[in-house]
Amino acid sequence: MLSHLDDATTLAARTRRTAVLTCALTAAVLAPCVDLFLFQGGMTNGLDPELGAIVAYVLWSPVMAGALGGLVAHLTFRVGARWRVPATFGFGAAAGVLHLGLLLLATLPTEVATRGAGGLDVIGMAGVIGAFGSIVSAPMGAAFGALFLVTTWPATRSLEAPSHDGPAWVAGAGALQLTLAAGIALALLHAAEGPYCQALFVVALPSLGVHLPEGSDLAWTRHL
């Protein structure tokens, strides 16, 4: 039996926290797959990727995307309840534009370390490509906003009338949202077999001295 009941302020905070964390995790899981599907040629300038670039993107993309996803949800709850649905799409589109520009900064530390001040030209390239790429990245960010509504909409309803069932309902919606994100990610990875295998088995493992026998079936590895 509970020794005490949370007040409305605490329940609202728990509801918002669950929704924000769910959106952050959704973006962290799904955005790298979308990046690979849409921008794989641009991220490597059409060349075979180097191991350092692969590691940089793998580490930077989910962290940055997760931060932007959580920020979108956080800002959504800052606007009035009647405006939260369009705000989710708008903030998502803006985050999509930022995501593409910031994604291209993943190799900035390496470029500066190897080329000195000349490596700072990555910033200009990221700005230019991010601006032109917004034609694709803005609608894609809005699509992420639509996915976030799976959690933020029940959260909005719960915030209008805080109850002890509210956080549980939002957590259930969050589980559904993460399931949808995982399914979309697996669907996208079916198209990423070639680039994935190239990155892992042509670049990464051989650089570590590991070579697979010719004719090895690598298609199943895309699910990793």
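Predicted model: local features only at pLDDT ≥ 70, side-chain atom pairs only at ≥ 80, totals over all residues.
The protein chain has 7 helices and 0 strands. Read from the N terminus, the order is simply α-α-α-α-α-α-α. Of the contacts with a separation of 6 or more, 79% are between residues 24 or more positions apart.

Next, burial. The protein chain has 224 residues, and 38% of them are buried. The exposed surface comes to about 12,100 Å², with 70% of it supplied by carbon and sulfur atoms.

In soluble globular proteins, nonpolar side chains tend to be buried together. The largest nonpolar core in this model holds 31 residues, and the members that touch the most others are Leu30, Phe77, Phe144 and Phe148. Which elements give two or more residues to this core? They are helix 1 (8–43), helix 2 (51–76), helix 3 (84–103), helix 5 (121–160) and helix 6 (166–189). Helix 1 provides the largest share, 9 residues.

Take Phe144 as an example. If we set aside neighbours within four places in sequence, Phe144 is in contact with Ala27, Leu30, Ala31 and Val34. One of those partners, Leu30, is also among the core members with the most contacts to other members.

Helix 5 deserves a slide of its own. A straight helix of 40 residues would span 58 Å at 1.5 Å a residue, but the ends of helix 5, taken at their C-alpha atoms, are only 48 Å apart. Where is the kink in helix 5 centred? On Ser134, and the angle is about 65 degrees.

Further along, helix 5 also contains Ser158. Is Ser158 buried or exposed? Its relative accessible area is 12%, which is under the 20% cut-off, so Ser158 counts as buried. Beyond its neighbours within four places in sequence, Ser158 is in contact with Thr15, Gly166 and Val170.

How many disulfides does the model have? The count is 0, going by the distance between cysteine sulfur atoms. Cys23 has 0% relative accessibility and Cys33 has 13%. Both values are under 20%, so Cys23 and Cys33 are both buried.

To sum up: 7 helices, a largest nonpolar core of 31 residues, and a kink of about 65 degrees in helix 5.

Methods
Residues numbered from 1 in each chain as written. Heavy atoms only, no water. Core = buried A, V, L, I, M, F, W, Y, C linked by side-chain atoms within 4.5 Å. Buried < 20%, exposed > 50% of the residue type's maximum accessible area, 1.4 Å probe, protein only. Helix = DSSP H or I, 4+ residues; strand = E, 2+ residues; numbered from the N terminus. Contact = heavy atoms within 4.5 Å. Expected span 1.5 Å × (residues − 1). Bend = angle between axes of the 7 residues up to and from the residue. Disulfide = S-S within 2.5 Å. Areas by Shrake-Rupley, 256 points an atom, 1.4 Å probe, with all protein chains shown as cover.
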